[in-house]
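I opened the model today and kept notes as I went. The sequence and structure come first, then my entries.

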Amino acid sequence: MTELILKVIQPLAALLLAPMLLGIINRVKAKFAGRKGQPILQTYYDLWRLFHKGAVYSNTTSWIFRVAPIICFAAIILTLMIVPLAGGNRSVFSFSGDLILAAYFLGLMRFFIVIGALDTGSSFEGMGSSREVHFSALAEPALFIALAAMARQTSSISFSGIFSAVTPHMWAGGCATILLASAAMIIVLVTENARIPVDDPNTHLELTMIHEVMVLDNSGPDFGFILYGAAIKLWIFASILTGILLPINGLPFIISIPLSIISIFIVSIIVGVIESSIARLRLISVPNLLLTAISLAILSLVFALRS
Amino acid sequence: MPTFLAGMCIIALAGFLSLFIKNEKYCVKFGAAGVILGSIIALIPTVKVLLFCNPISLAIPWHVPFGEFYVEIDSISSLFLLPVLAVSSIISIYACGYMTAYKDRRLGMPTFFFNMLVCGMAMVVVSRNSILFLVSWEIMSLASYFLVTFDDEHESVRQAGWIYIIATHIGTAFLLTFFILLGKYSGSENFDYPGIFNNAGPFGTSILFILALIGFGTKAGIMPLHVWLPEAHPAAPSHVSAIMSGVMIKMGIYGIIRTIYILPGIEAWWGWLLIGSGAITGILGVLFALAQHDIKRMLAYSSVENIGIILIGIGLGVIGIARGSQILAIFGFAGAILHVINHSIFKSLLFMGAGAVLHSTGTRYMDLLGGLIKRMPKTAGAFVIGTIAICGLPPFNGFIGEFILYYASFFGAVTDGLELVVTTVSSIASLAVIGGFALAAFSKVFGIVFLGEPRTIKASEAHEVNGQMRFAMWILAALCIILGLAAPLILPVIISAVSGISSLDNDQIATHIDNLQKVLGFISIASIIFIILAGALLLLRRKLLAKHTVAQTSTWDCGYIGSSSRMQYTSSSFSQPIVDMFKSVLFSKSKKVQIKQLFPQQAQFESHTPDVSSEYLYRPIFKWVDVIISKMRWVQYGVVQMYVLYIAITLIILLIWKLR
């Protein structure tokens, strides 16, 4: 029974709280800039407004453009049902090898957002999708090698197995693996969620044309799905990151669930701090950052092999 | 077995008779009817073998020296017969529609060779005698050569055919050596080869393996033996590219798997070699695919990439056998074979789609196309399904094969010793790299060709293709969906078929197979929920939009009015960042006119990525060969009598040698 409740509560918490992550990041950035900042709940207002608006479609677009936001959102929900919160409770779809399915549902999301962007025939959006596929193709091996390192360290190939095996004892023996894998994961998180130093979520100006520019032509509920999906995606990556860091398995779930959610909020604060304190990289240097992530992941694996 | 051979006879006979049909309209249809009927008949025993794991065989004495008409369908053969027979039948339906473009040509020849190709491939898979195998192999290679050179009025097609026939015969030369050595070591020309290991020893078997890998790898397209693929596939008519890329190159894979099956004393380094060459083939294949502008050339490189994925799977399996890791052995082979079947479906589909585009616009160059989804909606629908499947994305079939390979690798990475972990992790990393770039390559193909605005008049005047072509494409698209969702049902069949290769203890791995089946069950449920969820969200959006205005306007142009369709991103610009990043391996060539004045009048940019190995490896070698051979020209008088004399002299020398 408890397990069933937990399986339902984890995705529900994400659906309810994920939009707040964007608000927190914005608030942190505002504080750094000495501004007052928008309300923390601003994303909720935005979503409400978008879902109650009409839509504008380009004449160039076809049904691909119309289904793309839907498929993206459905894919991110499925990923959400696979990735549990930190602590190692089981998710709705929890099986050995679930991390592969999650990564590939994210791939499906990316594929549709890219072809949706190309459907508009706009060169801006073409530029964004070209960069998106380039950077995420490099982020993919980093993600997989980091997960393989953690899998090796914890002798498990499912998210819940890996998360639940992270214990204080494991920290004592394998802190190098955990830290290096999380360092790689942070870079992957920043890349996949279109954050500084890879992309600037605030603009779709030429210099930062990646994610925001791909959705330039989406409007109304479609854009709502994309915004909501982006928030959930950030939540998912933050769950993976906190999952491999936090040794909170064994605590009663009354404590562990709030703790893991708070840690996700802390991740969003960290993202806000990163965004405020460093400049965006030149596009040519972004692959170097991702190669760094791959190297960190490989190092992490080397340490996992040693122990 | 007689049923199977009867099916083969029907296919061959229909091909032969179509040579004599005067009316070109019915000629292709007659041949296709033969392929379909023959395949259905031949599929009956095949499916029986697959379901009951009960090999059937037939051996008839033969007058050919060392030959015996010895054929057998075991479970490995039947797994390969499925794509050979089923996919070829679907392609033959497509051919009926596609060949209408050649109104003023005699179509008897291509129909005959198409049927011979199907027959040849099926016989390759079932033959169990070296001579019979090589004869079938040659029938397959020659039939496909004549199909490739169908449009032989073009210089480029003749060139491509030339490269293909040389490549395939270099491969056959290695196979000939392979079979001669096998026969020498075992004293038998049939595939049961008793006592090879005692005679050959570990060194001999390794030599045999290398010979087979090169010989079969040339057909499969392992880098750097792949050079014929990107030449032959664009040159051939599209249904021929579909059957060659979807089915025929898998005969090379069959050969490699069969070799592993018959060679005793498998060594771990064979597996490393396979994984290493698979990783190189896969990664370079996808990078070259990304750099191409010609849609069929791009698909050819993508086949090279998928062969890489399949080799990684076989490599995992070989390492599993050599090191006694049961799960790696079974799942490596199962994933590889599943990917063979899946790839035969979606790659044929994509080549058919490319053929439809070529048929209706007359060009293969992506940068001249665009916006075809509105003009050819049904083709575009099938094509996008194929694209998703080949990227290995859920919920379609491509994901399942790759998932099993990932699963095996992750399992190896978690449980095995240090030595195995390095290999399994490198296979995980290569699969991830290949997957990421495949997504880039195929989102480019679909996005540039089908989406946006047409870039040329040709593209804007495109029309939907005829019913047969659409029918064939949609059957394959439906198969992509069905095989994706029905994976848990298919897996046990494949596992029981491959468990013969490794001759491992079945009870021990039963739990692993059970687990994997459960996992695949989860994936199927997740896929179904995903589809339902997407449907529900569509309804939700319709409801949300019902109360509001939905407007149509032009794409947001940042206030700049008068943008033209030529300002869209092209396939070259889309892949430019990645191509630039890998310029040290791709050697792309580009030419641009430098802009000098303040108000430049005209600028020009062109880029192309020729094959590195044919440019820098084979060209010098063949130049050298050319120099040597031209020195031998004095023996070529061009007088028939002289050649008869040569033959007579050779015979006399042989006789003396024998009598000695």
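**Entry 1: the model.** I noted before anything else that this is a predicted model.

**Entry 2: where chain A meets chain B.** I looked up how many residues each chain gives to the contact. Chain A gives 65 residues and chain B gives 66.

Entry 3: I found S1(A) paired with strand S3 (residues 550–553) of chain B. The pairing is parallel and runs over 4 bridges. I followed one bridge: Ser58(A) has Thr553(B) as its partner in S3(B).

**Entry 4: the core.** I looked up the largest nonpolar core and found 347 residues in it. Ala142(A), Ile145(A) and Ala122(B) have the most contacts inside this core. H12(B) gives the most to the core, 22 residues. I also checked what Ile145(A) touches, leaving aside neighbours within four places in sequence. Its contacts in chain A are Ile294(A), Ala297(A), Ile298(A) and Leu301(A), and those in chain B are Val425(B), Ile428(B) and Ala429(B).

**Entry 5: helix H12(B).** This helix covers residues 326–361, 36 residues in total. I read 51 Å from its first C-alpha to its last, close to the expected 52 Å. Of its 36 residues, 35 are buried. Just after H12(B), Gly362(B) has a positive phi of about 80 degrees.

Entry 6: Is Leu21(A) buried or exposed? I count Leu21(A) as buried because it has 26 C-beta neighbours inside 10 Å, and 20 or more are needed. Leu21(A) sits in helix H1 (residues 2–33) of chain A. Leaving out residues up to four places away in sequence, Leu21(A) touches Ala231(A), Leu234(A), Trp235(A) and Ser268(A).

Leu13(B) lies in helix H1 (residues 2–18) of chain B. I put Leu13(B) down as partly exposed because it has 14 C-beta neighbours inside 10 Å. From Leu13(B) to Gly38(B), 25 residues apart along the chain, the C-alpha separation is 9.8 Å.

Conventions:
Residues numbered from 1 in each chain as written. Chains lettered and ligands numbered in written order. Predicted model: local features only at pLDDT ≥ 70, side-chain atom pairs only at ≥ 80, totals over all residues. Helix = DSSP H or I, 4+ residues; strand = E, 2+ residues; numbered from the N terminus. Expected span 1.5 Å × (residues − 1). Buried ≥ 20, exposed ≤ 12 C-beta atoms within 10 Å, placed from the backbone. Contact = placed C-beta atoms within 7 Å. Pairing = 2+ DSSP bridges. Core = buried A, V, L, I, M, F, W, Y, C linked by C-beta atoms within 7 Å.
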